[in-house]
Amino acid sequence: MKVKKLSFPEWPGNAGSISFLKLVLNDNEGKEISSNFYWLSGKGDENADFTALNKLQEVELNSSILSVKQENDKYSAIIEVENPSTSLAFSVNPKIIKSNSKDLVLPVFWEDNYFSLLPKEKRSVKAEFNAEDLGGEIPILVFGWLEHKTCRKRT
């Protein structure tokens with residue numbers, strides 16, 4: 001096992017009440033192995049104040065269904081989510097709902113959720129759920145309260 005110690009640049013002194021930090025680990029070919037996203041209070045851990053998160057700009061995301069497979073009564077979908085804006089998309093939480101009732105499809109097993117996207121960033125996530133949990137309805141992909149996308153493969 002190889003170990004490499006990293007050093008980081010100094011933290012800016014005027015970073016503000018909340019700062020965001022994204023750490024990415026890539027392999028030798030540049031492929032992402034791991035990514036972690038942090039929100040940090042300018043007041044330190046003991047006096048942390050994250051109320052400014054409530055004032056983040058609302059972001060409209062783009063999404064594409066890259067693939068949908070149904071095997072043995074189980075759906076598997078790969079969804080690409082993009083933040084086309086110049087603002088942070090904080091704590092993105094995709095959901096799948098039923099087309100008519102608008103009820104959540106449960107359970108859905110997400111590869112990742114509550115993730116953040118930097119401006120112009122995009123990523124793919126996988127979701128799996130049972131066809132029987134749809135109750136005969138069509139699955140709809142939802143981000144936030146209003147944005148709905150039909151969960152069908154992009155053509």
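Strands here are DSSP runs of E at least two residues in length, numbered from the N terminus. In this predicted model, the protein reads β-β-β-β-β-β-β-β-β-β-β along the sequence. That pattern comprises eleven strands and zero helices.

**Sheet arrangement**

Four strands form an open sheet in the order β3-β4-β9-β7, and their pairing is antiparallel. At the edges of this sheet stand β3 (62-71) and β7 (109-110), each of which pairs on one side only. Strand β4 covers residues 74-82 and strand β9 covers residues 122-130; nine bridges join the two, which run antiparallel. One of the residue pairs between them is Ala 77 with its bridge partner Ala 127 in β9.

| Strand | Residues |
|---|---|
| β3 | 62-71 |
| β4 | 74-82 |
| β9 | 122-130 |
| β7 | 109-110 |

**Overall dimensions and surface**

The C-alpha trace spans about 55 × 45 × 30 Å along its principal axes. Of the 155 residues in the protein, 31% are buried.

**Contacts and charge**

How many of the contacts between residues at least 6 apart in sequence join residues at least 24 apart? In this protein the share is 56%. Charged side chains number 20 positive and 22 negative, and the centres of the two sets lie 4 Å apart.

Terms used. Residues are numbered from 1 along each chain as its sequence is written. This is a predicted model: local features need pLDDT of at least 70, side-chain atom pairs count only at pLDDT 80 or more; totals for chains, interfaces and linings use all residues. Side-chain values use heavy atoms; hydrogens and water are left out. Buried means under 20% relative accessible area, exposed over 50%, partly exposed in between (1.4 Å probe, protein chains only). Contact means heavy atoms within 4.5 Å. Lys and Arg count as positive and Asp and Glu as negative; His and the chain ends are not counted. The place of a charge is taken as NZ of Lys, CZ of Arg, CG of Asp or CD of Glu. Two strands pair if DSSP finds at least two bridges between them.
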